[in-house]
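I opened a new page for this structure today. My notes below go from one residue to the whole chain.

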Amino acid sequence: MKFNDISLTLKSGRKIVEHLTFTLSNQDKLAIIGEEGNGKSTLIKYIYDKI
């Protein structure tokens, strides 16, 4: 599945992702690493909702 031009902004107005494009295949694994409060869960929820 290809994700094109993802831009996500938190309710506070802080941008966490701008113009992100990537492809995931069925057997791929994804890891998102970052500090607390930087939108990792928000990004995962967005990806999950699109699958």
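Leaving aside neighbours within four places in sequence, which residues is I6 in contact with? I looked this up and found V17, E18, H19, L20, F22 and Y46; contact means heavy atoms within 4.5 Å.

Before going on, I noted that this is a predicted model, in which local features need pLDDT of at least 70, side-chain atom pairs count only at pLDDT 80 or more, and totals for chains, interfaces and linings use all residues. Residues are numbered from 1 along each chain as its sequence is written, and side-chain values use heavy atoms, with hydrogens and water left out.

**I6.** I located I6 in strand 1.

**The strands.** I read strand 1 as residues 2-9 and strand 2 as residues 15-23. The two run antiparallel and are joined by five bridges; strands pair if DSSP finds at least two bridges between them. T9 stands opposite K15 of strand 2. Strand 1 and strand 2 form a hairpin, with five residues between them. In the turn I found G13, which has a positive phi of about 95°.

**The chain.** I counted elements next: there are one helix and two strands, in the order β-β-α from the N terminus. Helices (H or I, at least four residues) and strands (E, at least two) are DSSP runs, numbered from the N terminus. The C-alpha trace spans about 35 × 20 × 15 Å along its principal axes. Of the 51 residues, 20% count as buried. Among contacts with a separation of 6 or more, 28% come from residues 24 or more positions apart.

**The largest pocket.** Which residues line the largest pocket? I listed M1, F3, L24, S25, N26, D28, K29, L30 and I51. A pocket is an open set of points on a 1 Å grid over the protein atoms alone, where a 1.4 Å probe fits, with protein on both sides within 12 Å along at least five of seven lines; lining residues have an atom within 4 Å of a point. I noted its volume as about 170 Å³, the space filled by probe spheres set on the points.

Definitions and conventions
Buried < 20%, exposed > 50% of the residue type's maximum accessible area, 1.4 Å probe, protein only.
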